[in-house]
Amino acid sequence: MLDRLPDYDADDLLDKVAQHPTLGGPELTFFQAQLARQRGDLDHARELLHECLLRLPGHSAFQAVAIEIDAPLPERARQIIESNRQAQLSEY
């Protein structure tokens with residue numbers, strides 16, 4: 001959705017989705033982080049991704065984007081990422 005709607009000048013719609021009262025949880029926070037990132041507000045995006053990973057430290061999409069934009073990783077998320085790396089290395 002984020003990839004397509006900006007082409008249609010739908011910033012106001014994206015803002016409404018990002019703040020909609022019926023949505024919530026870490027997935028909404030992730031959506032807000034992606035929106036902040038798309039708009040160039042990396043500091044806010046990092047902050048939001050950190051919040052996401054506090055709630056769902058093992059979520060691979062959250063981890064990938066957090067690493068990509070150099071967001072601070074909560075300790076549990078860092079442990080899970082390292083454990084996954086070790087598991088991948090032991091497969092080879």
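How many helices and how many strands does the protein have? After that, please take me through helix α4, with the residues it buries and the elements they pack against.

Modeller: This is a predicted model, and in it the protein has five helices and zero strands, so that, read along the sequence, the pattern is α-α-α-α-α. The protein has 92 residues, of which 34% count as buried, and its accessible surface comes to about 6,200 Å², with 49% of that belonging to carbon and sulfur atoms. Among contacts between residues at least 6 apart in sequence, 33% join residues at least 24 apart.

Helix α4 covers residues 60-68. Its buried residues are Phe62, Gln63, Val65 and Ala66, and the buried residues of this helix pack against α2, against α3 (42-55) and against α5 (75-91).

Phenylalanine 62 has a relative accessible area of 1% and is therefore buried, the cut-off being under 20%. The model holds one aromatic pair: the ring centres of phenylalanine 30 and phenylalanine 62 are 4.7 Å apart, and because their planes stand at 40 degrees, the pair counts as tilted.

Glutamine 63, the next residue in helix α4, is buried at 7% relative accessibility. If residues up to four places away in sequence are not counted, glutamine 63 touches Leu53, Pro57, Gly58, Ala77, Ile80, Ile81 and Asn84.

Alanine 66, again leaving aside neighbours within four places in sequence, is in contact with Leu49, Leu53, Ala71 and Leu73. This alanine also belongs to the largest nonpolar core, which has 16 residues and in which Phe30, Leu49, Leu53 and Ala66 touch the most other members. The elements that give two or more residues to this core are α2, α3, α4 and α5, and α3 gives the most, with five residues.

Turning to charged side chains, the count comes to three salt bridges in the model. Arginine 37 counts as partly exposed, at 29% relative accessibility, whereas glutamate 68, at 55%, counts as exposed.

Another salt bridge joins aspartate 43 to arginine 46, with the closest N and O atoms 3.2 Å apart, and these two residues both lie in helix α3, three residues apart, about one turn of the helix. Aspartate 43 is exposed, with a relative accessible area of 57%, while arginine 46 is partly exposed, at 22%. In helix α5, arginine 78 and glutamate 75 are likewise separated by about one helical turn, being three residues apart, and the closest N and O atoms of their salt bridge are 3.8 Å apart.

Finally, just after α4, aspartate 70 takes a positive phi of about 60 degrees.

How values were computed
Residues numbered from 1 in each chain as written. Predicted model: local features only at pLDDT ≥ 70, side-chain atom pairs only at ≥ 80, totals over all residues. Heavy atoms only, no water. Phe/Tyr/Trp six-rings, centres within 6.5 Å; stacked < 30°, edge-to-face > 60°. Helix = DSSP H or I, 4+ residues; strand = E, 2+ residues; numbered from the N terminus. Buried < 20%, exposed > 50% of the residue type's maximum accessible area, 1.4 Å probe, protein only. Contact = heavy atoms within 4.5 Å. Areas by Shrake-Rupley, 256 points an atom, 1.4 Å probe, with all protein chains shown as cover. Core = buried A, V, L, I, M, F, W, Y, C linked by side-chain atoms within 4.5 Å. Salt bridge = Lys/Arg side-chain N within 4 Å of Asp/Glu carboxyl O.
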